[in-house]
Amino acid sequence: MREYETTFVLAPTLSEEEVEETVTSFTGVAEEKGAKVVNVDNWGKRRLAFPVKKHDDGFYVVLTLQQETVEAVTELERRFKVNDSVIRFLSVRVDEELKTAETSRLRRKPRSQESAENPDSKAEADEPVS
Amino acid sequence: MARRRFCKFCAGKIDYIDYKDIKTLSFFVPERGRIAPRRLSGVCATHQRKLRRAIKRARHLALIPYVTD
């Protein structure tokens, strides 16, 4: 199952309720397109590092989606482009990056256990050149 | 930034550098807004690559600046 993270920034001119509404409408779209909404992370209003479309602040929302295809993400991005209250967005496929992170974590794990239980066997295991 | 002879990420056993983790990222983005070179930060090649990508993503989302004067 692929996992996507879609972050979008909403204009600060919206009220808290409007932000809520927009977010639910977007999660609705994602579900309609067959994606599973794993997490909705609403950061609230934050200062932008630089002005975007003349705005200095924005509401950050991070959606975590699971789906076998990009369908939901494509549809969301299309809507982001159309919707004027979305000032920035970024979609990232994270499952592969998390997987490589996981393998490198596992690669390290057994070695440290090994060295803890049996310090002698440690000698032949090469330290990762990292 | 202090010169470091070891990679912060290797030492901290961090395998995935998150573009949303501004605290960590901003450590490698000094005042000018440029990404700190490995020779100063001591980050290993693997992690510098991941760091670079995370910083660029964060920049796009206006979490950290492209330039500051």
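1. The model is predicted: local features need pLDDT of at least 70, side-chain atom pairs count only at pLDDT 80 or more, and totals for chains, interfaces and linings use all residues. Residues are numbered from 1 along each chain as its sequence is written, chains are lettered from A and ligands numbered from 1 in the order in which they are written, and side-chain values use heavy atoms, leaving out hydrogens and water.

2. Chain B brings 18 residues into contact with 24 residues of chain A (heavy atoms within 4.5 Å). About 1900 Å² is buried between the two chains, 60% of it from carbon and sulfur atoms. Buried area here is the accessible area (1.4 Å probe) that two parts lose on being put together, summed over both. Asp15(B), Tyr16(B) and Leu61(B) supply 30% of what chain B buries against chain A, more than any other three residues.

3. Two salt bridges link chain B and chain A (a side-chain nitrogen of Lys or Arg within 4 Å of a carboxyl oxygen of Asp or Glu). One of them pairs Arg57(B) with Glu97(A), with the closest N and O atoms 2.9 Å apart. Helix α4 of chain B (residues 45–60) gives the most to the side that touches chain A: four residues. By class, that side of chain B has eleven nonpolar, one polar and six charged residues.

4. Within chain A, helices α1 (residues 16–32) and α2 (residues 71–82) pack at about 145 degrees, axes 8 Å apart. Angles run from 0 to 180 degrees between N-to-C directions. Phe26(A), Val29(A) and Ala30(A) of α1(A) meet α2(A) residues including Leu76(A) and Phe80(A).

Notes:
Helix = DSSP H or I, 4+ residues; strand = E, 2+ residues; numbered from the N terminus. Nonpolar A, V, L, I, M, F, W, Y, C, P; charged D, E, K, R; others polar.
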